[in-house]
Each structure stands twice: as C-alpha cells, then as structure tokens.
Amino acid sequence: MPVAVHIVEHPLIADSLTRVRDRDTPNALFRQELERIGTLLIAEATRDLPTHEVEVQTPLTATTGRALSSQPVVVPVLRAGLGFVHAAQELLPSADVGFIGVSRDEETFQPKPYVNKLPEALAGRQVIVLDPMLATGGSLAHTCKLLVERGATGTIIVVCVLAAPEGIQLLIEAGLDLAIYTASVDERLNETAFIVPGLGDAGDRQFGSPASS
Ligand code: PRP
C-alpha cells in the first residue's frame, strides 16, 4: 500500500494528547507533552528498522546482540517539527538530521518553502519526517518531493500527532510511498484548513506567533 496509516494506540499517548489538545495547557507543558508523544510514536515508527547480529562481551561472557544496520535520516519540518527532534535524537543518537522549512500560506493554504538543509545523498537510507500536523498535506507533499529529489527511495516514514483525512487523501493522490504514524486521524479540516478538533497551531503553541512575512 503506497500510503499506510498507523494510528498508534497507547494509554500514555492518549493521556498526553488530551493535554496538547487542551487550549488551557501552557506552552511549556505543551512542549513536554508533544515530546512525550513524539518519543512513543517514533519508537513505534522504527519498529521494523533492519538490525544485524553482533557479538558483545558482557562483564561475564561473550554473547550476541543486535545492532541497527544503518542510521536513519531524521527530517523535522520547521517550525513545529522541531518539537520532535530531541525525542528522535534520544532514540536515534547517531542519526543525521536534515531540515526543511515550509510555512503554509494562510490564505491560499499552499506551502511556501524557506529552508532546505538535507544530507548530501539519501539513497538507501531510511528517512523519517517529523511534523506534528498533517492538515492539507501540502507541506508534507512538498517535503517528500525534496527528499525524493535528494535520492530518497522506498517508504518514507512520517511521524505526526494529528492527521486530517483530507491531507492523507492528497498524499495518496500524489502517489507517495509513505508509512504515517499518528496519534489520531481527526474529523476534518475547517474553512481555514485547521484540523478539527485538532490542537490549534503546533508551531505557535511551542514557539509563539511569528510576524507574517
Ligand atoms: C503547520 C504544521 C505543518 C503544516 C501542516 O505549519 O506545523 O507543518 O502547517 O499544514 P498542511 O498539511 O496544510 O501543509 P505552519 O505552516 O503553521 O508553520 P509553523 O510550523 O512554523 O507554525
């Protein structure tokens, strides 16, 4: 299946999700809860990373263990995706991190790119995109296009807190090969393309509102 959607059901995710949805949650707590969700989603999203057998010497004897066969490339989509970077680096300390900056034009809802800092070559490497919100899907489609241009092959893993059905549909129609790990597929987008019931603006709730450009 070109776009597989995995809704990760876990009581700790559900508990944190309630707090990130709550409009009265202060930004500091919002960031903490978002990161906790990120940790749990990334753990699930990386469940099938390939490993190989290695030998290890314990204080008592030699035995075998397993090690990751290659290091993924983690790509947060600025700004909101920054909220998952610490969680990703805790779990994947040797992963490279690339950065894509896209802001959504709030009148046309089209993605406006402003940063592209990716590793030189992505061929053969597992790419994991971090973006808490999948709304129209425009930002993610743009990001994946840049990743493919840089050589990414195979299934791109996407980690998001919330996804809208409209965004998932756009990605399917774009013919992308994705495995999306999310805490929830919400009901719909509203007339300003915000996810409903949603959590508001994940960038603003972490970092405050930027001046419009
Ligand atoms: C939000 C969100 C996603 C994007 C989703 O970012 O963090 O990146 O919009 O919308 P889409 O699926 O319709 O493209 P925003 O443009 O508000 O920037 P920010 O992260 O800097 O707040």
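**Loops and a ligand shell**

Trainee: Why does Phe109 count as partly exposed?

Mentor: Because its relative accessibility is 24%. Buried means under 20% relative accessible area, exposed means over 50%, and partly exposed is in between, with a 1.4 Å probe and protein chains only.

Trainee: What kind of model is this, before I go on?

Mentor: It is a predicted model, where local features need pLDDT of at least 70, side-chain atom pairs count only at pLDDT 80 or more, and totals for chains, interfaces and linings use all residues. Residues are numbered from 1 along each chain as its sequence is written, and side-chain values use heavy atoms, with hydrogens and water left out.

Trainee: OK, where does Phe109 lie?

Mentor: In the loop between β6 and β7 (111-117). Helices (DSSP runs of H or I, at least four residues) and strands (runs of E, at least two) are numbered from the N terminus. Phe109 is not a glycine, yet its phi is positive, about 65 degrees.

Trainee: And what about the phi of Ala193?

Mentor: Also a positive value, near 60 degrees, in a residue other than glycine. Ala193 belongs to the loop between β12 (188-189) and β13.

Trainee: Is Ala193 buried or exposed?

Mentor: Buried, because its relative accessible area is 4%.

Trainee: New topic. How many residues surround the ligand?

Mentor: There are 15, and the closest are Arg79, Arg104, Asp131, Thr136 and Ser139. A residue is near a molecule if one of its heavy atoms lies within 4 Å of it.

Trainee: How much of the ligand does the protein bury?

Mentor: Taken alone, the ligand exposes 500 Å², and the protein buries 93% of that. Such areas come from the Shrake-Rupley method with a 1.4 Å probe.

Trainee: Which elements give two or more residues to that shell?

Mentor: They are β6 (99-104), β9 (133-134) and α4 (138-149).

Trainee: Back to Arg79, where is its place?

Mentor: In the loop between β4 (73-78) and α3 (85-91). The peptide bond that joins Leu78 and Arg79 is cis, with omega about -5 degrees.

Trainee: Which other residues are joined by a cis bond?

Mentor: Val196 and Pro197, where omega is about 0 degrees. Pro197 is in the loop between β13 (195-196) and α6 (202-207).
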